[in-house]
Amino acid sequence: MSDALPPNSGFRTTGRSRRGEPWVWLTAAGLAIGVIMALGLFLLILLKGTASFWPRPIDVMEVRVAEGATEKIAGFVTQESTRSEPDGTEHREIQVFRGNKDIRPEAFVFIDEANIASRSRPEDLMWVERMEYGPGIIEPVALETPEGRIEAADPSFHDKLDAVIERSEQAREEILDIERHQIGRISRELEKHERAERSGEKTAQELAGRRAELQASFEKLQAQSGAIHDKLKETKLVGRTVDGADVSYTSDVLVRTFMPNAAGFFDRLGEALSRAGAFLSEDPREANTEGGVFPAIFGTVVMTLAMSFFVTPFGVIAAIYLREYASQGLMVQFVRISVNNLAGVPSIVFGVFGLAFFVYTVGGTVDQWFFADKLPTPTYGTPGILWASLTLALLTLPVVIVATEEALAAVPRGVREAALACGASKWQTIQRVVLPASLPGILTGVILAMARGAGEVAPLMLVGVVKLAPSLPIDSIAPFVHPERKFMHLGFHIYDLGFQSPDAEAAKPIVYATALLLIVVVVTLNLSAILIRNKLKKRFAVSSF
Amino acid sequence: MPAQATSTDAASRPDFIQVDQFSFHYGPKQALFDIHMDIPEHQVTALIGPSGCGKSTLLRNLNRMNDLIEGVRHEGDIRIGGTSLYDPSVEVISLRKRVGMVFQKYNPFAKSIYENVVFSLRVAGRGRKTELDETVERALTDAALWDEVKDRLHDSAFGLSGGQQQRLCIARAIANQPEILLMDEPCAALDPLATLRIEDLIIGLKQRYTIVIVTHNMEQATRCSDRTAFLYMGKLVEYGPTLAMFERPKEPQTEAYITGRFS
Ligand SMILES: Nc1ncnc2c1ncn2[C@@H]1O[C@H](COP(=O)(O)OP(=O)(O)O)[C@@H](O)[C@H]1O
Ligand SMILES: [Mg+2]
C-alpha cells in the first residue's frame, strides 16, 4: 500500500504504526460476540415470552386416519418439523395443541401434513380458559341461566357471557376470603385452644363453650361458601367440540373466553395484554401450569430486598474494619483471600450451610425459646424466607465486602487528612467523610449482590423455596410480616415448570414468560438501585481533579 | 532579631512555636535534621526550599499529621505556647483544633458548602443552629468567599471553581477559630488571579492567626511573609526576616536558590 505513495511523502504509513490494528479488530470482535450472545439470549426470551400471550388462530383440520375415514381436529399449530423416514421419504409434520384435556388426556397431537384433507378457520370457535384441565376449544351453543337460555346466535350472548364470568370471578374472591381469612381465623383460635389444653393452662370444660361457638360459625361459613358455589353451578356454558361431543361448563370454572378467528388485530392485542396482566397478578393453578405467577414475583422481590437489607450493613462493617482499622499484615491478607474465595464456593454449599446452621441450629433454638408451645410443629426451625434471605446474604457478602473495600480505598488521602486536621477522630472521619464519599461505590457492590442473589435458585431449594406457597410472606393477617413462611421464587418456578410439571410441552410458553419476567424483575431491581446511586453521585459529584 | 517593617503587637510572643533540635525519620529515611527555630505569633512565616527538602514534613509535624504514617519517629521537641506537642497528656484531637491546616490540593468534602465550613464544629459536638449560621458567615467572610456563595450555601462544594474551593478550605480551617494556620503550598493548584486573592487573604488573616506557609514561589514569600526559613536537604540553612534575607542572604546556598529562581 505504502508503495503507491510518492517516495518522498512525509506521512507514509509505517508498518510499526499498523502493527496494532489486528489486535484492535480482535478486541472489537470479542466484544461484538459477547454483545451478540447477550442480545440473542434476551431477544429469544423476549420473543418467546411475549408470544406466549398472543392469542393464536384456531385451525380446524380434517385428517385422514384410515381408508376413507377422517377425523376433525381443532387446535393451535405449535410446531412444524420435517421427519425423514427410513425409506428416504420426507414428511412434514405439525404439532397441534387441541386442549380439551377433560375429554382426552393428550393435549398435543402430531399430524403428517400429507394426511390433511382440508384446513379452515371457522369464526365461531371459542377458546375457553377453565379452572382445571387447561383451555377448551368449543363451538359455543348457548348459555343456560336460571332466567332462561340464550342461544349463541343471540346478539346479547357475548355480553351475557362476560357478565357471567365477571360474576364468577367475584364469587371466587368471596369464597377465597371466607376460606382464607374467616375460616383461617377460626382454625387459628382452635389451634390456640388445643395448645392451651395440652400445656394444662386450661381444661377442656373451660374451653367447651367457646369451641362450640367456633364450630357453629365454622359450619355457617362453610355453608355460606357452599351456597355461593351452588349458585354459580346454576349457570352453564354449553357447547360442542368440533368432533361432535357435547360439553357444558358450569360458571364456577369459567376464567375467560376468546374467539380468536373472529377477532381483529386490536381485539387480539387487548386479549394479549389482558392475559399478560392476569399472568402478573393471579395465583397459579393446576400445578403451576396455568394461571399467574404473582406469588413468585412477590417472593423474589421480597427475598431480594431482605437479602440486600441483611448483606449491606454486614459487608460494609466488615470492609471498614478490614480497610481502615486492621493493621495490614499477613492475617488481614489471609482474611481477604478467604473472603474472595468465599465468592467461588458453589452456591448449593451455601444452601447446605443455611439449612444446617440457620434452619436447624438457629431456627431450632428460636423455636425452643419462643415457640415452645407449638412444638413439635416447628415455627422457625423449618425453611422459610428469613433463612433464605440470610443464606443469600452470606452468599453475596464477598461481593459487598470487595466493592466496599475498593470504594473506601478510592477516597483520596487528602480528604481524610482534611477531616483529621479539622479535629475529627478516626471514627468521625470514616463516618462523616469517608463513608459518604464511598457510598456510590458501596451501592455498586449492593447492586452486584442483588443481581447475583435474585438469580440464585439452588441454595433456595434447601432453605425456603417451595413449588406452591399457600400464603405470601407479607399479607393482611397480623402480624403482617411472616419471616418464617415458605415462599415462591421465579427462578425455582422456571425449574419447576420446565422439568417437574406433568406436561412439560404445555408448560413451555409459561416457562419462557416466567424467564422473561425474572429478567425484568432483576433488571428493575438493579435499575432502581442504579438510579438511587446516580442521584447520590449527582448530588455530590466526585471532585474533578 | 533585626527590626521588621510589619507591625507586631506587644502581646505577640516571639517564640510562640518553638521547634527545638527537631529531627524526623520516615522509617530508615531521615527527612529533618536538628531543626531549631522560633516562630513568632501573629506573623506569617514562609518555608522555602527545593522539592523534597522537608518543608511539608516540618509543617505537618506542627499538628502531628505525620503521626498517621507508619514507621515514623522523631527526636527533639516542638512546643506551642510553651506546651510540648509530644507531652503524653496532649490529645492530638485537641491539638488539631488549635492548629488549622490548608493543603496543596484543595480537598473539600463531598458535602454542601455549609456543611464543609461547619465540619470542625460538628465533630466537636457543637450543633446549635445559630452558632453554626454565625460561624458560616464569619468564616466565609474571612475567607473572602461569602459574597460569592451566600445564595447557594446548601449546594455541593464541588460546584465551585478551584480558587473558590481552596478559599472554602481556608474557611473550613478557620471556622473553629484556631490559633495557628498551616498552609502547604495553598496556591500550587491555582491560576495567578486566584493566587493573588489568596495572598491578600493571608495578609488579612495574620492579625488573628499565626500563619506558617510553605511556598515554591519566591514572589509569594516576599509579598506576604514576615519571616522566611530556607530548608535544604532536611536542614535549616537560613532563617530571618523575609526582606533582609532576600536582599542579603547570608549563606551561599540560600543565595543560589533565591537567585536561581529570581533572575
Ligand atoms: N510518607 C513518606 N514516607 C517516606 N518518605 C517520605 C514520606 N513523605 C516524604 N518523604 C520524604 O521526605 C523528604 C521530605 O519530603 P517533603 O517534606 O514532602 O518535601 P517538600 O515538601 O519540601 O517537597 C523527601 O525526601 C521525601 O521523599
Ligand atoms: Mg511538599
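**Reading the interface and the salt bridges**

A: Chain A and chain B bury about 2100 Å² between them, with 67% of it on carbon and sulfur atoms. Buried area is the accessible area (1.4 Å probe) that two parts lose on being put together, summed over both. This is a predicted model, in which local features need pLDDT of at least 70 and side-chain atom pairs count only at pLDDT 80 or more, while totals for chains, interfaces and linings use all residues. Residues are numbered from 1 along each chain as its sequence is written, chains are lettered from A and ligands numbered from 1 in the order in which they are written, and side-chain values use heavy atoms, with hydrogens and water left out.

Q: How many residues of chain A and of chain B are in contact?

A: Contact means heavy atoms within 4.5 Å. By that rule, 22 residues of chain A are in contact with 27 residues of chain B.

Q: How many salt bridges are counted between chain A and chain B?

A: Side chains of opposite charge can pair when their charged atoms come close. A salt bridge is a side-chain nitrogen of Lys or Arg within 4 Å of a carboxyl oxygen of Asp or Glu. The count between chain A and chain B is one; Glu417(A) and Arg60(B) meet in a salt bridge at 2.8 Å, N to O.

Q: Which elements give two or more residues to the side of chain A that touches chain B?

A: Helices (H or I, at least four residues) and strands (E, at least two) are DSSP runs, numbered from the N terminus. The elements in question are α10 (413-421) and α11 (426-454) of chain A. Of these, α10(A) gives the most, with eight residues.

Q: Which parts of the chain does the pair Arg92(A) and Glu113(A) link?

A: The side chains of Arg92(A) and Glu113(A) form a salt bridge (3.3 Å, N to O). This pair links distant parts of the chain, 21 residues apart: Arg92(A) lies in strand β3 (residues 90-97), and Glu113(A) in the loop between β4 (108-112) and β5 (116-120) of chain A. Both residues also belong to a network of salt bridges, which includes Asp59(A) and Glu80(A).

Q: Is Glu456(A) buried or exposed?

A: Buried means under 20% relative accessible area, exposed over 50%, and partly exposed in between (1.4 Å probe, protein chains only). Glu456(A) counts as buried because its relative accessibility is 12%. Its salt-bridge partner is Arg452(A), with the closest N and O atoms 3.6 Å apart; at 27% relative accessibility, Arg452(A) counts as partly exposed.
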